[in-house]
Amino acid sequence: MTFPLLQMRGVAKQFTLHNQHGIELNVLDKVDLEVRPGECVVLDGPSGMGKSTLLKLIYANYRATAGSIQFRQHDDQPALDITRATPRELVALRRHSISYVSQFLRVIPRICALDIVAEPLAEDAGNDMAGLKAARDQASAWLTRLRIPQRLWHLPPATFSGGEQQRINIARNMIKPRPLLLLDEPTASLDPANTETVIELIREAIAQGSAAIGIFHDAQVGASIATRHVLVGTFRSNA
Ligand SMILES: Nc1ncnc2c1ncn2[C@@H]1O[C@H](COP(=O)(O)OP(=O)(O)O)[C@@H](O)[C@H]1O
Ligand SMILES: [Mg+2]
């Protein structure tokens, strides 16, 4: 692949605090970042420097104030500028191209853990019964691997512990392989055994050709999977 999968150029993010007399907060400025398949870029830097904001700009949860974020899945396809993408393009991007493991699971009321995890594969299966069964089988395998007790599989995760919810979140957002994986402190509430499993899962995704950009609460975890480190504080021009 000649072109990078992701190319950020001169990206800035400014928040305007409307309930505080319109104070403007310059969180990121002049961010340049390129990521290629097979890379695991770990974002380092103190809390509050804009690491999570950077991931949210790529996933288009936030809109950049300046700059471009080009995403190109294949050399022979035109790049998509995520900062200018239409809602329709963003839906497709999130469905097929970018996975985002947020810090917390957004629970869906009344949907059981197994179906929450199976959903991204089930969505692709449509009405194909064999495909739907395969989606649920895969979800069972992920829940097993992440040590979610079977008695919880058919319950909605609203009442699960923080660590259980985070593992559901990881399974749901990693079950479908996508070219770019965004990880915001995926192991922060996990015990050592599950942390090790999540590291293995990330390594497997990268070995299969995905790229990852991750934030890790534990520097040792980050160092163990990084192919490259990027210090987010250095992006600030007004620090
Ligand atoms: N939606 C928002 N509105 C206003 N300020 C925000 C918003 N999101 C993040 N910020 C601010 O941006 C800064 C960076 O936050 P964040 O990206 O979460 O940092 P990090 O992940 O590096 O700890 C913080 O000062 C935070 O308060
Ligand atoms: Mg953060």
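Which strands and helices do the buried residues of H6 pack against? Before we get there, a word on the model: it is predicted, so local features need pLDDT of at least 70 and side-chain atom pairs count only at pLDDT 80 or more, while totals for chains, interfaces and linings use all residues. Residues are numbered from 1 along each chain as its sequence is written, and chains are lettered from A and ligands numbered from 1 in the order in which they are written.

Let's start with helix H6, residues 192-207 (helices, H or I, of at least four residues and strands, E, of at least two are DSSP runs numbered from the N terminus). Its 16 residues reach 22 Å from first C-alpha to last, close to the 22 Å expected at 1.5 Å a residue (1.5 Å times one less than the number of residues).

Within H6, Asn194, Val198, Ile202 and Ala205 are buried (20 or more other C-beta atoms within 10 Å; exposed means 12 or fewer, partly exposed in between, with C-beta atoms placed from the backbone). They sit on the same side of H6 because they cover an arc of only 85 degrees around the axis, taken from the directions from the helix axis to the C-beta atoms. On the other side, Pro192, Ala193, Glu200, Glu204 and Ala207 are exposed.

Now for our opening question: the buried residues of H6 pack against strands E3 (40-44), E7 (180-184) and E8 (211-215), and against helices H5 (162-174) and H7 (219-225). Contact here means C-beta atoms, placed from the backbone, within 7 Å. After H6 comes Gly209, with a positive phi near 105 degrees.

Notes: Two residues are in contact if their C-beta atoms, placed from the backbone, lie within 7 Å.
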